[in-house]
Amino acid sequence: YKEAAEKGQINAIRDFGHCYLNGIGIEKNENKAFELYKEAAEKGQIDAIYDLGYCYLNGIGTEKNEIKAFELYNEAAEKDHIDAIYDLGYCYQNGIGTEKNKIKAFELYKEAAEKGQIDAIYDLGYCYQKGFGIEKNEIKAFELYQKAAKEDQIVAMCHLGYCYRSGIGTEKNEIKAFELYKKAAEKGQIDAMYELGYCYQ
């Protein structure tokens, strides 16, 4: 990557930044990662634009700047970057770098979910369950949790367990609820661990 990056190949510049960020084959250096993402982003590399947004959002190799993060996610989303579309929805949901906007958050989660982004499928289910940016629809919420849980999205597993336990969008089924809590808890999901403890009482 280093050799290709030095020759100015934009994908290699971004990948080299990724190596620095995660300490892959080289000592971890967040400042260097940020610089390389910035260089590749300025040359239009879409993943680097997204990565740069992530750095600004979390203060990695630079000062935290939610407005810049939002702008970069927006730029990458306009270029059809699936994770950027999802994260842009998250920004609108939580008012990160922009005003809160439930409807925009819902629309972006829906767009990312339709493109197969697993976390977006879960969040879309949550929107339907709570009536967040869309009319409440517990059956749709259940179906989306089920879809995300099949892809090992552990928060979706926990919510699916809750749906089975409480009869949300489906028939009550405490055995299925227990199995889902157990599976999610084994994967480290904290809420599922709590619910599992509740089941054992």
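1. Start with Phe 106, which is buried, at a relative accessible area of 6%. Buried means under 20% relative accessible area, exposed means over 50%, and partly exposed lies in between, using a 1.4 Å probe and protein chains only. Please keep in mind that this is a predicted model, where local features need pLDDT of at least 70 and side-chain atom pairs count only at pLDDT 80 or more, while totals for chains, interfaces and linings use all residues. Residues are numbered from 1 along each chain as its sequence is written, and side-chain values use heavy atoms, with hydrogens and water left out.

2. Now for the aromatic rings. Rings of Phe, Tyr and Trp (its six-membered ring) pair if their centres lie within 6.5 Å; planes under 30 degrees apart are stacked, over 60 edge-to-face, and the rest tilted. By this rule there are 9 aromatic pairs. One of them joins Phe 16 and Tyr 20, a tilted pair with 5.0 Å between centres and 55° between planes. Both residues sit in helix 2 (residues 10-22), 4 residues apart, about one turn of the helix. Helices here are DSSP runs (H or I, at least four residues), as strands are (E, at least two), numbered from the N terminus. Phe 16 and Tyr 20 are both buried.

3. Which kind of pair do Phe 106 and Tyr 128 form? Theirs is edge-to-face, with centres 5.4 Å apart and 90° between the planes. Phe 106 belongs to helix 7 (residues 102-114) and Tyr 128 to helix 8 (residues 118-130), so this pair ties together parts that are 22 residues apart in sequence. Tyr 128 is buried, with a relative accessible area of 10%.

4. Have a look at Gln 117 too, in the loop between helix 7 and helix 8. Is Gln 117 buried or exposed? Gln 117 is buried, at 10% relative accessible area. Apart from neighbours within four places in sequence, Gln 117 is in contact (heavy atoms within 4.5 Å) with Ile 82, Asp 83, Tyr 86 and Ala 112. Its side chain also makes a polar contact with the side chain of Asp 83 at 2.9 Å. A polar contact is a pair of N or O atoms within 3.5 Å; within protein, one must be able to donate a hydrogen and the other to accept it, and residues adjacent in sequence count only if both atoms are side-chain atoms.

5. Finally, check the backbone at Asp 80, where phi is near 75°, a positive value in a residue other than glycine. Asp 80 lies in the loop between helix 5 (66-78) and helix 6 (82-94).
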